[in-house]
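Here is a short briefing for a first look. Take a moment with the sequence and the model before reading on.

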Amino acid sequence: MAVLSATEQWKIHTFYRPSEELTLKQFRNHLHIIQRDHPQLRHVSGKLYRRIEHAVAQHTQRQTKQQASAEGRKQNKVPARRGGPVVVYGVVRPKPDLNKLLKALVEMAREEQDEDNKSRS
């Protein structure tokens, strides 16, 4: 999903509802409603889904090539390179992960408390 923009990811979630466990009957009912209310979304979502499939296929192909070339040479354990560029991709989640949100809030509270304690010292 990260190969798509946030707006495009929302379209996938709206049409396919991949983050939900729907029965076939529920999914068919959803498709009936979404096609009635947003007829263009079926076409757009199909194109976006094909982009995801293409990205997955390219990634798999790269992985296969890397594994094949690694098998042909001696394996040396090299520490991970540091200081290089870091690439971050956003992935849309229709429902927030409450456990992660709670952990983030607790950590923020701890950091604020630590800063308060340091400033009082």
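Which residues are buried in helix H1 (residues 6-16)? They are Glu-8, Gln-9, Ile-12, His-13 and Phe-15. Keep in mind that this is a predicted model.

- An α-helix has 3.6 residues a turn, so residues three or four places apart point the same way.

**Fold**
- The protein has 4 helices and 0 strands.
- Read from the N terminus, the order of elements is α-α-α-α.
- Among contacts in the protein with a separation of 6 or more, 66% join residues 24 or more positions apart.

**Overall dimensions**
- The radius of gyration of the protein is 22 Å, whereas a compact globule of 121 residues would have one near 14 Å.
- Along the principal axes, the C-alpha atoms fill a box of roughly 65 × 55 × 25 Å.

**Burial and surface**
- Of the 121 residues in the protein, 14% are buried.
- H1 contributes to that buried set, with Ile-12 and Phe-15 among its buried residues.
- The accessible surface of the protein is about 10800 Å².
- Carbon and sulfur atoms account for 53% of that surface.

**Charge**
- The protein carries 23 positive side chains and 13 negative ones.
- The centres of these two sets lie 11 Å apart.

Definitions and conventions:
Residues numbered from 1 in each chain as written. Predicted model: local features only at pLDDT ≥ 70, side-chain atom pairs only at ≥ 80, totals over all residues. Heavy atoms only, no water. Helix = DSSP H or I, 4+ residues; strand = E, 2+ residues; numbered from the N terminus. Rg over C-alpha atoms; globule rule 2.2 N^0.38 Å. Buried < 20%, exposed > 50% of the residue type's maximum accessible area, 1.4 Å probe, protein only. Contact = heavy atoms within 4.5 Å. Areas by Shrake-Rupley, 256 points an atom, 1.4 Å probe, with all protein chains shown as cover. Lys, Arg positive; Asp, Glu negative; His and termini not counted. Charge placed at Lys NZ, Arg CZ, Asp CG, Glu CD.
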